[in-house]
Every structure is written in C-alpha cells, then in structure tokens.
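Take a look at the structure below. This report walks through a few of its features.

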Amino acid sequence: MTPGPGVDSGLRIPLDYERGFWSRGLLDVAGVDEAGRGPLAGPVVAAAVVLWKGVGVEGADDSKRMSREEREEVARRIRDQAVAVAVGAASAREIDEINILRATARAMERAIRRLPRRPHHVVVDGLPMRDLTCEHEAVVAGDALVHSVACASIVAKVCRDRLMTRLARRYPEYGWERNVGYGTEEHRAAIRRFGPTPHHRLTFGLEQLELRMGRERVGRSASV
C-alpha cells in the first residue's frame, strides 16, 4: 500500500503528536476511539487507525464537530489514505454483562487486534483504560487533539451510525435512523410503548425496571 494524497499542512488537527513518535522511528502509531458509550440501544464500536508518516487526512476532525455527511466523506478518505483501519464492537448484551467501560475496552481490543500488524504505539481518547490489555497512552480530548484519534472517532461513528440505520429497518418504531440509539424523547416514548428490543441495554437509563418489564412483555428474539 502506498501513501494517499493527504498533506501535512492545512489540517484541522495537526500531526504534532504522531511526529513525536515518527521521529523516534515508531512509525505504526494507532489512534483509537469509540462511538456509542451513552445510547440506550446498540453496540459500542471502536476503531483503530494507523497513518502514513507525515500524511494526514484532509477534513479529519473530532467527529462531534462534523455533520453526518462530512463524516461519511472523510471516513472514505481515511480508508483510502491510511496505512490500516480496523473496527471492533461489543454488543448490548456484553455491555449489560460486564458494564460499559469494560465493554468499551473490549471493543478497542478487538479493533487493535484486527490491524494487520501490532502497532508500535497506541493512543486512546480519554482516560487510561484499565481493562485494555495492550500498553497505551490516553489523551483527554484526544479526538480533538490527535490526528489519528480523530480519524478513529470518525470511522467508529460512521460504522455505528450505519449499523443503527440498518437495524432501524427491522425495528422502525424507535427512530434509530435518526437518533442512532440515543435517549431522545422519540426513542424513550417508543420504549415505553413497545418495550425494548434485544439491542437495548437493560442496565442503561430510562428507568431500568421499565426496560425489564418491557422485555418480558414484548419477548422479541431477533438479533443482529
């Protein structure tokens, strides 16, 4: 694979962090971030992105500062221009079984392991992940400060949004194509009316008892 057309200038987030490792000969720096810690439904999805030395992706930014259309476009550039991109996820059931923090670490671990080779360095957004088994550095607000982490945040968000949009066709009552599983009033009202699906997190918000009662009432068995 050869470097894409990205340039190390005029980027929304500079490559300063990565340069510190590239200058020491550590070329495979994997930025890692997740999407979906807070929703009431759906998996948590993590992405790992390794960039070419000195090559950024035009338009990459903290995914929260971008529109859906911008994220889709930049995600395509990232996949075209990065050395490697990998994605991992942990299901709603796993989140209920082991809690969201451990499930997030599990999703990140899966993404890192799916890279074609072990990275020289791993940087994650936020605080250190105690349950992440590989050595890593954590940067608070990394998705706004570290270029490769911003790229990972975009890929994770786009992948998760696409998944929730697909699930919305199976469960049209919940508006997931619009709220992607977050606790909007529309989504909460649908849960109260129809009960939860197998993709709802029974340990999350919206009065846990209501969710459990709803599951017993609806008794759906479909899964991804």
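## A predicted model

Keep in mind that this is a predicted model.

## Valine 124 in its strand

Start with V124. It sits in strand β4, which covers residues 121-125. Is V124 buried or exposed? V124 counts as buried, because its relative accessibility is 0% and the cut-off for buried is under 20%.

Which residues does V124 touch, leaving aside its neighbours within four places in sequence? The contacts are V32, M108, M129, L132, H136, E137, A138 and V139. Now compare sequence with space. V124 and A48 are 76 residues apart in sequence. From C-alpha to C-alpha, V124 and A48 are 9.0 Å apart.

## Helix α8 and its two sides

Next comes helix α8, residues 185-194. Its buried residues are H187, A190 and I191. Viewed down the axis of α8, these buried residues fall within an arc of 100°, so they line one face of the helix.

Turn to the other side of α8. There, E185 and R193 are exposed. Just after α8 comes G195, with a positive phi of about 80°.

## Cysteines and disulfides

A disulfide is a covalent bond between the sulfur atoms of two cysteines. How many disulfides does a search of the whole structure find? The search finds zero.

C134 is buried, because its relative accessible area is 9%, and buried means under 20%. C151 also counts as buried, at 0% relative accessibility.

Terms used:
Residues numbered from 1 in each chain as written. Predicted model: local features only at pLDDT ≥ 70, side-chain atom pairs only at ≥ 80, totals over all residues. Heavy atoms only, no water. Helix = DSSP H or I, 4+ residues; strand = E, 2+ residues; numbered from the N terminus. Buried < 20%, exposed > 50% of the residue type's maximum accessible area, 1.4 Å probe, protein only. Contact = heavy atoms within 4.5 Å. Arc of directions from axis to C-beta. Disulfide = S-S within 2.5 Å.
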